[in-house]
Amino acid sequence: MSDKPVVPDSDAGSSAPTVPPEQPNQPDAKQRRWRPSRRGFLIGLGVVGGGLALGYVYGVPWVRLRLAGVFEGAEGPPGSYPEDPSAWFEVLPDSRVRLYLMKVEMGQGVHTSLAQVAAEELGIAWEDIDVAQASTSREMGSSLMTSGSSSVSTVFEPLLAAAATFRAMLTGEAAAILGVPAEEVVISGRTFATQQNPARQVDFYTVATGKDEWEVPKEPVPVKNWREYKVIGQPIERVDIPAKVTGRAVYGMDARLEGMKYGAVVRPPTISAAVKSLGAGKAPEMPGVVKVVVEGDFAGVVADSRPEAYAAVAQMSSEWDEGHRWQQAELEAIVTVGNGSGIAIQDVGNAARLLEEQTSVTAEYRTPFAIHTPLEAQAALADVQADRVRIWCSTQGQGFVRGEVAKALGVDETIVEIIPTYLGGGYGRKAGWEVAIEAARLAKAAGVPVHVGWSRADDMRYGYFRPMTHHKLYGRVDSEGNLLAIEHRQASGDVAFDFLPPFMSTVMGADFGAYRGATIRYDVPNKRTVAWRCKLPLRTGWWRGLGLLANTFAVESFMDELAVAAGIDPLAFRLRNLNDDGDSGRLKKVLQAAADLGTWNTPPAAGRARGIAGTIDVGTAVGMVAEVSVDQATGKIRVHKVSAAMDCGLTVNPDGAKAQVEGNIMWGVSSALLEEMTVENGQIVPANFDKYPLLTMKEAPAVQVVLLEAGDGKPRGVGEPPIGPVVPAIANAVFALTGKRLYQLPMNELRVKATIG
């Protein structure tokens with residue numbers, strides 16, 4: 001059997017077509033030994049470990065409040081980055097520089113943005129940098145997860161430092177070869193030249209291969225001042241687009257090895273089902289079957305084609321204890337504020353006392369379960385040998401996948417290599433590892449490489465979901481529109497805890513993923529947020545923005561209700577309760593900028609109204625104005641236009657940043673008006689898009705985006721913050737138009753008709 005995959009072999013660290021895509025298999029430079037210094041590029045888990053110790057001194061509630069504050073302002077998951085510059089860079093034989101990245105490309109454009117960062121500090125031309133996806137076999141630190149809107153913001157400084165070090169080391173060696181001081185050496189195309197005589201040159205590859213051992217400078221190499229950037233900040237075209245539009249990009253569903261087979265596994269009939277027995281049944285007699293696998297509570301088929309695998313697995317015998325047949329109403333009763341014990345995650349002043357004395361407004365909001373629905377379903381190709389396990393996988397979390405596959409196979413993690421491919425959408429769902437384990441177990445049993453690609457029904461019913469939420473808010477305003485006190489009580493299923501060590505839930509009490517966006521960011525002297533963790537019988541987990549969509553819907557809808565109670569314009573009310581400093585000032589600016597862009601102070605067209613909302617998330621401020629109409633006969637809401645302003649700090653690629661806002665708006669409109677997953681008789685109801693509609697092109701609003709900058713040279717997250725304000729801006733516009741408020745998502749025709757009559 002040939003061992004040559006369709007995707008480039010991962011020994012070089014690349015698992016997807018590199019850039020330019022015309023040369024995806026460019027041979028790598030000879031590996032060199034580097035002596036890294038002790039200075040590191042790290043973001044540690046020390047805050048959690050410290051929290052455990054502080055709990056004994058100050059008490060658990062105090063620690064939980066402090067940790068909640070840390071996670072509320074966090075700009076990415078904890079992790080470390082490589083000190084060795086050769087982990088990031090290699091010089092190719094044609095003297096281009098290859099950049100290896102631990103972050104995956106799933107359509108968000110991070111490979112382009114990070115390549116801009118590297119090219120900026122290396123001082124080379126844009127066309128002279130090549131981008132490759134690193135597999136887990138390359139020492140890229142512990143940040144092997146692409147999530148939390150953190151790829152650019154957390155990699156930015158380590159990558160700058162690594163690029164500066166790499167450039168300085170090569171420059172020093174070039175100076176030695178040319179016989180001039182290092183300060184007289186300049187980069188000229190793919191060569192180093194002398195300032196005095198540009199004809200005296202040595203190319204990058206000759207320099208890089210000129211010695212066997214390199215010494216990292218003892219002192220940090222200075223990086224360029226951000227005000228001097230020439231590549232960063234430019235709207236450079238995405239590096240992944242040529243391969244994608246020509247069909248040469250390799251996704252998880254595309255991964256192939258010669259001689260590989262296809263796998264499918266038996267699925268449970270209900271969300272609470274437990275296996276009684278599994279057997280081969282008639283599967284061995286089906287056409288194309290290579291192997292029938294029954295191992296404890298795992299059963300599947302390996303066949304010559306995917307259709308044959310699906311047909312055969314349907315003929316396997318299985319007996320189940322189907323468990324309790326859960327109904328939607330039962331699950332909503334579980335996810336209700338007051339069930340269990342609430343954990344205070346924000347407590348400033350004395351909101352409880354003031355609200356007990358006098359409450360101006362109270363309100364309740366609910367959001368439903370939702371399904372990720374990436375265009376590409378779960379997919380993995382596994383090749384399991386005695387001494388080496390390789391898995392090509394559409395994954396956001398190659399580090400998680402490596403560990404879980406090793407456990408499932410009972411092998412040492414060091415022999416497992418996860419090779420991330422391009423992702424056909426992620427949104428948090430591709431952080432899972434189920435499909436990789438299925439492919440690995442089937443491949444091990446069959447003794448051949450096996451590809452498992454989930455069907456759309458599998459992807460919709462057997463993954464994890466956005467949890468439903470329940471919110472109660474209480475507020476008090478004075479006659480001048482000053483917000484005196486506010487309390488947000490929030491209940492949700494888990495988002496992060498199922499993926500993290502058990503001690504995290506013990507330390508924190510409430511799931512930081514579920515309460516993302518729940519705290520009050522306005523300048524209120526008395527504010528409190530309490531989160532309830534609700535244990536559900538079905539799996540909920542990572543989602544785009546985590547809890548940001550649901551929590552911002554509740555908080556920003558309630559801010560409008562408070563504005564109405566105070567008799568003040570919703571924009572003026574928000575601006576009145578924000579100051580001009582720090583994040584508060586940035587939120588104030590984006591709200592005003594969105595209002596200006598959306599012509600807030602001019603009358604909308606007849607039959608339309610506007611709503612406004614804003615948020616601060618992972619250090620990024622976003623404001624939005626939505627313009628809507630409502631068909632009185634059908635109850636259908638139409639979102640005509642959304643105007644957005646975002647301050648994500650230093651913008652590496654303005655086109656990419658705007659595209660992320662636009663994508664979030666489409667996702668948010670779909671969530672606001674259409675998307676809802678329900679449970680009936682213990683089963684997930686939607687199995688395809690016929691019962692889970694998404695926003696279509698003809699329903700898409702016009703979008704305007706303006707970018708502001710904090711002016712400190714620091715990039716912040718972009719991928720998820722814009723999801724927050726979309727839904728409340730629409731809900732607030734509907735109220736402005738109809739005088740009726742919608743408290744439950746999605747705001748579909750039935751709910752609108754029931755509310756506005």
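Me: A pocket is an open set of points on a 1 Å grid over the protein atoms alone, where a 1.4 Å probe fits, with protein on both sides within 12 Å along at least five of seven lines; its lining residues have an atom within 4 Å of a point. Which residues lie nearest the centre of the second largest pocket?

Reply: This is a predicted model: local features need pLDDT of at least 70, side-chain atom pairs count only at pLDDT 80 or more, and totals for chains, interfaces and linings use all residues. Numbering runs from 1 along each chain as its sequence is written, and side-chain values use heavy atoms, leaving out hydrogens and water. The second largest pocket has a volume of about 970 Å³ (the space filled by probe spheres set on grid points joined across faces, edges and corners). Of its 32 lining residues, those nearest the centre are Val-266, Arg-267, Pro-268, Glu-438 and Tyr-462.

Me: Which element gives the most to the lining of the second largest pocket?

Reply: Helices (H or I, at least four residues) and strands (E, at least two) are DSSP runs, numbered from the N terminus. Those giving two or more residues to this lining are β12 (274-279), β14 (298-303), α12 (434-446), α13 (456-461) and β29 (683-684). With four residues, the most is given by α12.

Me: How many residues of this lining are charged?

Reply: Ala, Val, Leu, Ile, Met, Phe, Trp, Tyr, Cys and Pro count as nonpolar, Asp, Glu, Lys and Arg as charged, and the others, Gly among them, as polar. The lining has 20 nonpolar and four polar residues. The charged ones number eight.

Me: Which strands does α12 lie across?

Reply: Seven strands form an open sheet with mixed pairing, in the order β13-β14-β11-β21-β18-β19-β20; two strands pair if DSSP finds at least two bridges between them. Its edge strands, β13 (289-295) and β20 (416-420), each pair on one side only. Helix α12 runs at about 35 degrees to β18 (angles run from 0 to 180 degrees between N-to-C directions, along lines fitted to C-alpha atoms, for helices over the stretch in contact; contact means heavy atoms within 4.5 Å). The strands that α12 lies across are β11, β13, β14, β18, β19 (389-393) and β21.

Me: In β21, which residue is the bridge partner of Leu-381?

Reply: β21 pairs in the parallel sense with β11 (residues 261-265) over three bridges, where Lys-261 stands opposite Val-450. With β18 (residues 379-384) the pairing is antiparallel, over four bridges. In β21, the partner of Leu-381 is His-451.

Me: Are the residues on both faces of β21 buried or exposed?

Reply: In a regular strand the side chains alternate between the two faces of the sheet. In β21 (residues 450-453), Val-450 and Val-452 are on one side, and His-451 and Gly-453 on the other. Buried means under 20% relative accessible area, exposed over 50% and partly exposed in between (1.4 Å probe, protein chains only). These four residues are all buried.

Me: What order do the strands have in the open sheet of five?

Reply: The edge strands of this sheet are β16 (342-348) and β17 (361-367). Eight bridges join β23 (residues 483-492) to β24 (residues 526-533), which run parallel, and His-488 has Thr-529 in β24 as its bridge partner. Helix α15 (residues 548-566) lies across β17, β22 (469-477) and β23, at about 155 degrees to β17. The order is β16-β24-β23-β22-β17.
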